[in-house]
Amino acid sequence: MRKIGKILVVLVILFGVVVLGAISYVKLALPNVGDAPELKVEITKERVERGKYLANHVTVCIDCHSPRDWSKFSGPLDTTKIGIGGEKFDQKVGFPGEVYVPNITPYNLKHWTDGEIFRAITTGVKKDGSAIFPFMPYKYYARMDKEDIYSIIAYLRTLREQKTSFPERKLDFPLNVLVNTMPVPAAPGKRPSESNQLEYGRYLVNASACVECHSKNEKGEIIAGSEFGGGRVFQIPNGKLTTPNITPHKETGIGTWTKEMFINRFQQHADAANATAVGPKDFQTIMPWTMYGSMKQSDLEAIYAYLRTVKPIENNVVKFVQE
């Protein structure tokens, strides 16, 4: 018996060493996506305009990195504080830790090279080599055309510098370790011609990361077979919000929507000045309608065309449950 006891002790010690070694490797050696590229983006009028359009109405970087007025429907932006960060994710929204969205004005990015910004957007790795938590959908940005990312960088360089700073993030175990395994190398694609409406729509849907919200999710991963079928649950202050089904299913999705209905659904919210007041017990959404609502009509048409081709999924969603 004493011999068996010694063997068990040795096995426990060995197991502990293996676990500590694995944790040390993940913490110290990862993420490993390569060095930031040597890159200097030429800031041209065309790039700044394209970047402004993408960051505000397609990839909606400005949505997360700016304060929103949650007293109004869909939380329109505070346009005097573009890019200053500060959005907080913590236990109140069901998040295992505490994360503040950073400032992306030149105040914070002026010491970053263009290559470091490119790496952050497309792989989820910051200037210091640490992993960005994938609230930012960098796995989708990783597949965008490099020129579109360059345009976003050019636009960010032109933002008004505003000084803000926030506490360092705090992630609960084991998330504070696992976050280092999440970044992956970029795999840039090519932006299709706008004349190829279906492929351009696919490109825009990826850049907007529509599938990330409009799919069921478990432990940070999309449940296979649920893509675009809705069902992801978000905790908001007054209840639980569930994303709708945007597949062409005729009963539970948008299969009966005409192109005009789809476009109008976005454009009716384009003017933030017309956003309706929302009380503490009223239905609210995290969908940045006022930002997507100003997308070019031809781009909305392309997105509609692509969504018509995805697999119809039967999933009847109750969008809001008050608590």
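I began with Ser74, which I found in the loop between helix H3 (61–64) and strand E1 (88–89); helices (H or I, at least four residues) and strands (E, at least two) are DSSP runs, numbered from the N terminus. This is a predicted model, in which local features need pLDDT of at least 70, side-chain atom pairs count only at pLDDT 80 or more, and totals for chains, interfaces and linings use all residues. I note also that residues are numbered from 1 along each chain as its sequence is written, and that side-chain values use heavy atoms, with hydrogens and water left out.

**Backbone entries**

I looked up phi for Ser74 and read a positive value of about 70°, although Ser74 is not a glycine. Is Ser74 buried or exposed? Ser74 is buried, with a relative accessible area of 1%, where buried means under 20% relative accessible area, exposed over 50%, and partly exposed in between (1.4 Å probe, protein chains only).

I then turned to Lys219, a residue other than glycine whose phi is positive and near 55°. Lys219 lies in the loop between strand E4 (217–218) and strand E5 (221–222), and I found it exposed, with a relative accessible area of 82%.

I also checked the peptide bond from Phe173 to Pro174, which is cis, with omega near 5°. Pro174 belongs to the loop between strand E3 (170–171) and helix H8 (175–178).

**Sheet entries**

Next I traced an open sheet of 3 strands, whose order is E6-E7-E8 and whose pairing is antiparallel; two strands pair if DSSP finds at least two bridges between them. Which strands stand at the edges of this sheet? They are strand E6 (233–236) and strand E8 (320–322), and because each has a single partner strand, one side of each is left without a neighbour in the sheet. The twist averages 20° from one strand to the next, with axes taken as lines fitted to C-alpha atoms, for helices over the stretch in contact, and angles running from 0 to 180 degrees between N-to-C directions.

I followed E6 and strand E7 (residues 239–242) through 4 antiparallel bridges, among them the one that joins Gln235 to Lys240 in E7 and the one that joins Ile236 to Gly239 in E7. On the E8 side, where E7 and E8 pair in the antiparallel sense over 3 bridges, I found Gly239 opposite Gln322.

E6 and E7 form a hairpin with 2 residues between them, and I located Pro237 in the loop between these strands. Pro237 is exposed, with a relative accessible area of 87%. The C-alpha atoms of Pro237 and Gln284 are separated by 9.5 Å, and these residues are 47 apart along the chain.
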